[in-house]
Amino acid sequence: MIIRVRTNVGQWRIESTSLSGSSLGSDILKEIAVNRPGVSYIKPLSFDPAGNNSIDLNQSLDHLNIQHGSMIYCRVDPTTTATIRNASSNSSSNLNDDEGSNNGNGNSNNDDQTQSHPKHMKRIINPDGSIALIHDPDALTKDKSFRKGMLPLRSMKMQWTLNEFVAMDEQFVFKVQQQKETWVGSQGVSLDQDSSNAFQSYLRNFAFQRQRFGYLYGKFINEDDDPDQRPQSETLFGTELPGTEVTLGAKNKKVIVEAIYEPPQTADPDAAEGFIALDDPMEDKVEALASLLGLQRVGWIFGHPPREKGFQLSSAEIIMAAELQIEAADGAKETPFVTVKVTAGDDGNVSFEAFQVSKQCMEMVVEEALMVGENPGFCYVNDTFTAIQEGKESKSLENNFFLTLVPIHQHSSDMFVSEFPKANRDHDTRQQTNDEMKKQLQKSGSAGWTFEDLLADFNLLIYLTKFLDLDTDIPKICHSIVDRDVPLEEGYKLIIASMAGLDGAY
């Protein structure tokens with residue numbers, strides 16, 4: 001079972017075969033403690049970002065309706081979230097054994113409590129002379145640890161050679177280098193004009209003081225006409241050598257954005273990203289619909305308040321961009337997945353910019369080596385790791401060091417429109433309703449619009465998936481949208497027109 005825990009220091013992915021519907025809420029805390037034994041909770045586990053709807057730790061996950069992939073929330077003390085590396089599941093379980101656990105011979109472990117108790121605990125003598133076991137926040141950072149937040153070397157292995165030690169240590173050292181090339185072709189990313197305008201117009205209602213994000217859906221197109229990407233051969237005095245043909249670079253993708261989907265979220269100025277992403281019950285339907293339309297998730301877009309010159313992305317945005325690139329590439333690999341940001345300048349004009357984060361940034365995020373810190377203009381290095389920049393150790397890295405700039409353009413989609421109200425918006429004058437569908441579809445037959453033209457709206461089609469079957473009805477509708485030579489069946493026209501309350505010809 002996989003459970004996602006959204007915290008103020010990022011999202012944790014709890015993946016365990018021991019969790020099931022019969023597990024208790026407290027078992028989630030035990031799984032978190034396997035890798036983060038010293039974590040201190042400011043607000044307990046809850047169903048909402050504000051922490052008002054706390055999770056009853058004594059109830060089963062089935063009773064709490066916590067399922068595979070569910071998102072829950074908590075707030076923690078960032079200084080207590082150090083992780084234990086290379087600890088086996090067995091040793092992790094031992095760290096959480098109760099004081100009177102059985103040792104397998106029918107005897108209690110009370111004679112060896114110093115071994116059975118978690119390494120992050122220490123004994124103290126109370127004023128009345130009694131002995132107590134309390135949390136020691138510094139226990140995992142003492143000199144005996146291999147690295148801060150890790151076990152001592154002898155706890156991992158009794159004997160080490162110099163080569164083994166060096167190889168072990170090198171896993172936690174990043175020699176930071178700036179990546180100059182992007183993985184997107186020279187034509188960059190092109191945004192559908194109507195979709196991007198609808199996104200920035202909503203943010204303008206709040207003077208860009210409210211941050212918000214959305215996913216970009218479109219296509220990756222090969223730049224076959226780019227001479228720099230054609231296969232070339234090595235030469236000797238101007239003569240091509242046979243068998244040496246290579247392709248220069250992998251950046252041959254142009255990103256075409258046809259639609260934007262805004263998932264459920266709440267604006268939260270206290271959150272590092274400025275918003276909190278919520279569970280999306282429509283996520284699978286949106287992905288399935290995009291696939292039926294020949295689209296895929298090609299990037300994400302977010303809006304933010306005006307910033308000082310040169311401040312592009314915050315550390316939280318850098319980490320989120322890296323996480324999304326990792327998800328798109330299925331690992332820390334090259335991908336044309338892009339990050340687009342929109343904001344207003346001092347003159348009130350709105351600007352769009354596109355970026356990618358470097359492969360090294362992705363690798364550091366995979367290892368949880370980067371953290372959000374006090375200054376949002378810098379990514380802070382987890383104390384377990386070492387970052388070497390220009391020959392010197394650095395505890396923080398400027399965000400712009402991880403960014404590569406992607407050219408950005410706009411176009412008007414030939415296939416899709418973007419007129420239907422967008423999903424999951426509050427304080428918007430328009431909401432997704434049948435009346436709004438009627439306003440859009442009643443234009444059919446006028447000004448050159450056909451019923452299929454007006455139906456080719458990504459957000460309208462998402463709305464229709466709430467009423468029509470995704471396996472039988474929606475594929476036929478999408479087929480007529482993708483291939484306009486295939487007319488939409490009259491039966492579907494009648495059903496959709498009836499839902500919208502249309503009378504007469506359509």
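This is a predicted model: local features need pLDDT of at least 70, side-chain atom pairs count only at pLDDT 80 or more; totals for chains, interfaces and linings use all residues.
Residues are numbered from 1 along each chain as its sequence is written, and side-chain values use heavy atoms, with hydrogens and water left out.

In outline, the chain's secondary structure comes to 15 helices and 26 strands. Here helices (H or I, at least four residues) and strands (E, at least two) are DSSP runs numbered from the N terminus. Of the 506 residues, 45% count as buried, where buried means under 20% relative accessible area with a 1.4 Å probe, protein chains only. Among contacts with a separation of 6 or more, 67% come from residues 24 or more positions apart; contact means heavy atoms within 4.5 Å.

- Strand β21 (residues 378-381) pairs with β24 over 3 bridges in the antiparallel sense, and C379 has L397 in β24 as its bridge partner.

**The 8-strand sheet**

- A second open sheet to look at has 8 strands in the order β25-β19-β18-β17-β9-β14-β8-β26, with mixed pairing.
- Its edges are β25 (403-406) and β26 (408-411); each has a single partner strand, so one side of each is left without a neighbour in the sheet.
- Ignoring direction, neighbouring strands here are turned by 35 degrees against each other on average.
- α9 turns up again: it packs on this sheet, touching β9 (212-222), β17, β18, β19 and β25, and its direction makes about 175 degrees with that of β17.
- Strands β17 (residues 296-303) and β18 (residues 338-344) run parallel and are joined by 5 bridges. F302 has K341 in β18 as its bridge partner.

**α9 meets α10**

- These two helices pack at an angle of about 90 degrees, with axes 9 Å apart.
- That makes α9 and α10 roughly perpendicular to each other; the cut-offs are under 35 degrees for roughly parallel, over 145 for roughly antiparallel, 65 to 115 for roughly perpendicular, and oblique for the rest.
- On the α9 side, the contact is made by I318, I319, A322, E323, Q325 and I326, and on the α10 side by C361, M362, V365 and V366.
- Sorted by type, the contact residues are 8 nonpolar, 1 polar and 1 charged. For this count, Ala, Val, Leu, Ile, Met, Phe, Trp, Tyr, Cys and Pro are nonpolar, Asp, Glu, Lys and Arg are charged, and the others, Gly among them, are polar.
- In helix α10 (residues 359-366), the buried residues are Q360, C361, M362, M364 and V365. They pack against β7 (173-175), α9 (315-329), β19 (350-357), β20 (370-372) and β24 (396-398).
- After α10 comes E368, with a positive phi near 60 degrees.

**Nonpolar cores and F458**

- The largest nonpolar core has 73 residues, and W300, M437, L441, L455, F458 and I477 touch the most other members. Such a core is a set of buried Ala, Val, Leu, Ile, Met, Phe, Trp, Tyr and Cys residues joined through side-chain atoms within 4.5 Å.
- α9 gives the most to this core, with 7 residues.
- A second, separate core has 19 residues, including V184, V255, A354 and V406.
- F458 is found in helix α13 (residues 458-464) and is buried, with a relative accessible area of 2%.
- Leaving out neighbours within four places in sequence, F458 is in contact with Y217, A259, Y261, V286, L289, A290, L293, L295 and V417.
- F458 and V286 are 172 residues apart along the chain, while their C-alpha atoms are separated by 9.1 Å.

- Strands β1 (residues 2-7) and β2 (residues 10-15) pair in the antiparallel sense over 6 bridges.
- The hairpin joins β1 to β2 through 2 residues, and V5 stands opposite W12 in β2.

Conventions
Two strands pair if DSSP finds at least two bridges between them. Buried means under 20% relative accessible area, exposed over 50%, partly exposed in between (1.4 Å probe, protein chains only). Axes are lines fitted to C-alpha atoms, for helices over the stretch in contact, and angles run from 0 to 180 degrees between N-to-C directions.
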